[in-house]
Amino acid sequence: MNKTNKTYIAGHGGMVGSALLRTLRNKGYESIITRELGDLDLRRQAETEEFFLSEKPDIVFLAAAKVGGIAANNTYPAEFIYDNLAIQTNVIHAAYRAGVKRLLFLGSSCIYPKLCPQPIKEEYLLTGSLEPTNEAYALAKIAGLEMCKHYNAQYGVDFVSVMPTNLYGENDNFNLETSHVLPALLRKFHEAKQANLPFVEVWGSGTPRREFLHVNDMAEACVHVMENPESSGVYNVGCGEDVTIRELTELIGQVVGYQGDLKFDSSKPDGTPRKLLDISRITELGWKPALTLEQGIKQTYAWYCESIKN
Ligand code: GFB
């Protein structure tokens, strides 16, 4: 991949896609193409193929997906499996037909078995049962990375996959019903502080462990993988450390400056007990994260405060 390549970011309006757009622009990529949702529905095969055959991109970042937190995954499994299978199947096949030089598929750490050894290596894929709250999403993402593998084998294309841990940052979803834990807690603490509420409600037991990576670090990792001609297969992308949900909650409380109590709601699901990624493969390629969790939360909170003002 080089800076004059025609580079298509699928999903540029989302959290990861918008970070990719910023990162590629900052690095001097000259020929980036994007399409608004209303102009191109990647779930429609004919529309997707027509777009690829007329635009003929050299490089594709496949960051378009239906995503959400534990409650969204659990409540809308049909939408998660259909939208993701349709988007990725159409894009991967159209990219092959249009002669795309390189494609990066974005998956998720929830593709790995619910109870697999920690930290999780790429080779643990398909060695056990999935976490039920996100089985539909995980199955779609597994199909995507397997599709890349088989297209490489049969058609000789160059499609690579990255499996990010739990991401957060600018342009995240702050809707309390559908978001992930980190943006949900930032918003809950902020609103509790503003309204002087006595407690903040936290879902589950607080004991599950999660690893968090800022989306700017994720975008750097994606470009790093794509700029290295030797990269291939699947790369886990994380920060290498995890925290309990209780520890995360306390850290967010400190950053926001909220003094009240925490109330854990055990009627809400915990999800998988732990999913810490082994990131040796990508660190051997020369990438490492730049932001600590505390720095990332501070930056995201500042962004959130600014965005609700506007
Ligand atoms: O981030 P999260 O929704 O997703 O939840 P997963 C992580 C943990 O935080 C769970 C707890 O144990 C939640 O019960 N939690 C505590 C909360 N308070 C809250 C809250 O207010 N909102 C939310 N959302 N959680 C998702 C998958 O799993 O992770 C997706 O469902 C995807 O498929 C994504 O893989 C990265 O980490 O459990």
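Tyr155 is partly exposed, because its relative accessibility is 34% (buried means under 20% relative accessible area, exposed over 50%, and partly exposed in between, with a 1.4 Å probe and protein chains only). This is a predicted model, in which local features need pLDDT of at least 70, side-chain atom pairs count only at pLDDT 80 or more, and totals for chains, interfaces and linings use all residues. Residues are numbered from 1 along each chain as its sequence is written, and side-chain values use heavy atoms, with hydrogens and water left out.

**Aromatic pairs**

- The structure holds 10 aromatic pairs; rings of Phe, Tyr and Trp (its six-membered ring) pair if their centres lie within 6.5 Å, and planes under 30 degrees apart count as stacked, over 60 as edge-to-face and the rest as tilted.
- The rings of Tyr96 and Tyr151 are edge-to-face, because their planes stand at 90°, with the centres 5.7 Å apart.
- This pair links distant parts of the chain, as Tyr96 lies in helix α4 (residues 77-97) and Tyr151 in helix α5 (residues 135-155), 55 residues apart; helices (H or I, at least four residues) and strands (E, at least two) are DSSP runs, numbered from the N terminus.
- Tyr151 is buried at 13% relative accessibility, whereas Tyr96 is partly exposed at 26%.
- Tyr151 also forms an edge-to-face pair with Tyr155, at 5.0 Å centre to centre and 80° between the planes.
- Tyr151 and Tyr155 are four residues apart in helix α5 and are therefore separated by about one helical turn.
- One aromatic cluster is formed by Tyr8, Phe51 and Phe52.

**Packing of α6 and α10**

- Helix α6 (residues 181-195) packs against helix α10 (residues 293-309) at an angle of about 60°, with the axes 11 Å apart; axes are lines fitted to C-alpha atoms, for helices over the stretch in contact, and angles run from 0 to 180 degrees between N-to-C directions.
- The two helices α6 and α10 are therefore oblique to each other (angles under 35 degrees count as roughly parallel, over 145 as roughly antiparallel, 65 to 115 as roughly perpendicular and the rest as oblique).
- On the α6 side, Leu182, Leu186, Arg187, His190 and Glu191 meet residues of α10 that include Leu293, Ile297 and Tyr304; contact means heavy atoms within 4.5 Å.
- The contact of α6 with α10 comprises eight nonpolar, two polar and two charged residues (Ala, Val, Leu, Ile, Met, Phe, Trp, Tyr, Cys and Pro count as nonpolar, Asp, Glu, Lys and Arg as charged, and the others, Gly among them, as polar).

**Packing of α2 and α4**

- Helix α2 (residues 45-55) and α4 cross at roughly 35°, and their axes come within 9 Å.
- Among the residues making this contact are Phe52 and Leu53 of α2 and Val91 and Ala94 of α4.
- By class, the contact of α2 with α4 has five nonpolar, four polar and two charged residues.

**Packing of α1 and α7**

- Helix α1 (residues 15-26) and helix α7 (residues 215-227) cross at roughly 65°, with axes that come within 9 Å.
- The residues in this contact include Val16 and Leu20 of α1 and Ala219 and Cys222 of α7.
- Nine nonpolar, two polar and two charged residues make up the contact of α1 with α7.

**Surroundings of Leu106**

- Leu106 belongs to strand β4 (residues 102-106) and is buried, with a relative accessible area of 5%.
- Leaving aside neighbours within four places in sequence, Leu106 is in contact with Val16, Leu62, Ala63, Lys141, Val162, Met218 and Cys222.
- The C-alpha atoms of Leu106 and Pro164 are separated by 7.5 Å, although the two residues are 58 residues apart along the chain.
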